[in-house]
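The following note sets out points for a student who is reading this structure for the first time. Please keep the sequence and the structure in view while working through the numbered paragraphs.

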Amino acid sequence: MSETANTSSGRVAVITGAGRGIGAAIAETLRDAGYRVASFDISDAAPEGVLGVACNVTNTESVDEAFKKVEAEYGPVEILVANAGITRDTLLMRMSDEDWEKVLDVNLTGAYRVVRRAVRGMVKQRFGRIVATSSVVALLGSAGQVNYASTKAGLIGMARSVAREVGGRGITFNVVAPGFIQTAMTDVLDEATQKSYAERIPVGRMGTIADVAHAVKFLVEDETGYITGAVIPVDGGLGMGH
Ligand SMILES: NC(=O)c1ccc[n+]([C@@H]2O[C@H](COP(=O)([O-])OP(=O)(O)OC[C@H]3O[C@@H](n4cnc5c(N)ncnc54)[C@H](O)[C@@H]3O)[C@@H](O)[C@H]2O)c1
């Protein structure tokens, strides 16, 4: 085997929210690196060569069913990327309980549901790689995103706690914290807002979905077994110092 051969090849990876955007890019990157990849998404879309499994992360039974499908098709899940996320942006004083609860249920409790289900099998195999998609706003804060930023900060506490619980079983749990990445989520921002963000980013541009996928690929490799509980910024330096 050459020094550059990827020993992770063939491992089974589940990406939630891989129907489009960042999740789809992660799924394609891992697929191209030889992983067997499944997308858990409420939408029917899944990248080519990726097993599309209908799953709503707000429902524990749906999560369990989806895991069973992947296990039947590919075998035990070794890699999980908890990426599904939504926004319901509005200022605190206008935020409804529903705006809060919906975002918590998908972004934070949804991640908890898939992580809990995945960890069972990983503990048995004494191997696992988990990555959650947080955001630069977790530590920076963001006016109009009290619900969203709370979930993204919560993922860090989740990752670090699970990392402590199962670190001895060969399981790592890290967090990527993307900054402003060009996707459907940021396309809704008006041009002036997008320009003002770019001006605040030290590398001078919005991020790409490939930028995030590259960081995730590194974190899930077999060789990346000594990094856990880390928050990896993929934000062009926007959040430096936090
Ligand atoms: N785009 C950015 O700039 C940015 C920045 C930081 C963090 N993030 C985070 O990255 C992740 C992906 O963002 P994106 O921009 O690709 O979003 P996106 O809206 O393009 O894609 C999200 C995917 O999640 C799926 N999804 C939504 N609710 C779901 C549910 N209940 N169960 C299963 N799947 C569900 C959607 O169908 C969609 O395919 C999110 O967690 C987001 O918060 C995005």
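1. Helix α1 (residues 21-32) packs with helix α8 (residues 209-220) at an angle of about 50°, and their axes are 8 Å apart. Because of that angle, α1 is oblique to α8. The crossing of α1 and α8 is right-handed. It should be kept in mind throughout that this is a predicted model.

2. The handedness of the α2 and α3 crossing is right-handed.

3. How do α3 and helix α5 (residues 146-166) cross? Their axes cross at roughly 15° and come within 9 Å. Angles under 35 degrees count as roughly parallel, and so α3 is roughly parallel to α5. In passing α5, α3 makes a right-handed crossing.

4. The salt bridges in the model come to 12 by the rule applied. One of the pairs is R11 with E78, whose closest N and O atoms are 2.7 Å apart.

5. R11 has a relative accessibility of 18%, so R11 counts as buried. E78 has a relative accessibility of 14%, and therefore E78 counts as buried as well.

6. Another salt bridge is formed by the side chains of R117 and E71, at 3.1 Å from N to O. This pair links distant parts of the chain, with R117 in helix α3 and E71 in helix α2, 46 residues apart. R117 is buried, because its relative accessible area is 11%. E71 has a relative accessible area of 30%, so E71 is partly exposed.

7. R88 and E98 also form a salt bridge, with their closest N and O atoms 3.8 Å apart. R88 is in the loop between β4 and α3, while E98 is in helix α3, and the pair links parts of the chain 10 residues apart. With a relative accessibility of 29%, R88 counts as partly exposed.

8. K68 has a relative accessibility of 43%, so K68 counts as partly exposed.

9. K68 and P233 are 165 residues apart along the chain, and their C-alpha atoms are separated by 33 Å. E73, which lies in helix α2, is 129 residues from P202 in sequence and 44 Å from P202 in space, C-alpha to C-alpha. At 53% relative accessibility, E73 counts as exposed, since the cut-off for exposed residues is over 50%.

10. Where is R126 found? R126 is in the loop between α3 and β5 (128-133). The phi of R126 is near 55°, which is a positive value in a residue other than glycine. The reader may note this value because most residues other than glycine have a negative phi.

11. The final point concerns the surface. L92, W100 and V146 form a nonpolar patch there, and together these residues have about 270 Å² of accessible area. L92 is found in the loop between β4 (79-82) and α3 (97-125). L92 counts as exposed because its relative accessibility is 57%.

Notes
Residues numbered from 1 in each chain as written. Predicted model: local features only at pLDDT ≥ 70, side-chain atom pairs only at ≥ 80, totals over all residues. Heavy atoms only, no water. Patch = residues over 30% accessible without salt bridge, like charges linked within 9 Å, V, L, I, M, F, W, Y side chains within 5 Å. Areas by Shrake-Rupley, 256 points an atom, 1.4 Å probe, with all protein chains shown as cover. Salt bridge = Lys/Arg side-chain N within 4 Å of Asp/Glu carboxyl O. Helix = DSSP H or I, 4+ residues; strand = E, 2+ residues; numbered from the N terminus. Buried < 20%, exposed > 50% of the residue type's maximum accessible area, 1.4 Å probe, protein only. Axes fitted to C-alpha atoms, helices over the stretch in contact; angles between N-to-C directions. Parallel < 35°, antiparallel > 145°, perpendicular 65-115°, else oblique. Left-handed = near helix turned anticlockwise from the far one by under 90°.
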